[in-house]
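Here's a quick briefing to read with the model open beside you. Take a look at the structure, then work through the points below.

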Amino acid sequence: MSDINRRLPDAELEVMQAIWMCEAPAARVDIEHILYQTHPMAMTTLLTLLTRLAEKGFLQIEKVGRSSRYHPLVSREEYLSAQSKRFVDKLCGGNISTFAAALCSSGLSKEELAQLRDMLEEGTL
């Protein structure tokens, strides 16, 4: 079982982002191709990070012949939700008003703030 409440280190998060972009199960070459665009890394580094993610419960590794396939066990949405709650709890003391004030003063455009307001009013957020 993963602890999605813990923040992944940047390199592991980059790998998870690439896996989430792939059709499951992901092959190493597909993950490498995506990472090459944003965060190139050596194959040995990638394999180490994939193993760590599996140990943390974020991935399942399936051996297929001499290669492996990687199944995400945590969705992007689940991770984002857990990290958002963690952020509000840790940095805003769990106070949603403090978070909303920080969000409004973060440089969001009027259009982005209007979109957030609409999502809240429609119940889609």
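Helices (H or I, at least four residues) and strands (E, at least two) are DSSP runs, numbered from the N terminus. Ser68 sits in one of these, strand S3 (residues 67-72). This is a predicted model, where local features need pLDDT of at least 70, side-chain atom pairs count only at pLDDT 80 or more, and totals for chains, interfaces and linings use all residues. Residues are numbered from 1 along each chain as its sequence is written, and side-chain values use heavy atoms, with hydrogens and water left out.

**Around Ser68**
- Ser68 is buried (under 20% relative accessible area), at 10%.
- Its side chain makes a polar contact with the side chain of Lys63 at 3.2 Å; that term means a pair of N or O atoms within 3.5 Å, and within protein one must be able to donate a hydrogen and the other to accept it, while residues adjacent in sequence count only if both atoms are side-chain atoms.
- Leaving out residues up to four places away in sequence, Ser68 touches (heavy atoms within 4.5 Å) Ala26, Ala27, Arg28, Ile61, Glu62 and Lys63.

**Leu91**
- Leu91 belongs to helix H4 (residues 76-92).
- Leu91 is exposed (over 50% relative accessible area), with a value of 60%.
- Leu91 and Ile19 are 72 residues apart in sequence, and 29 Å apart in space, C-alpha to C-alpha.

Conventions: Buried < 20%, exposed > 50% of the residue type's maximum accessible area, 1.4 Å probe, protein only.
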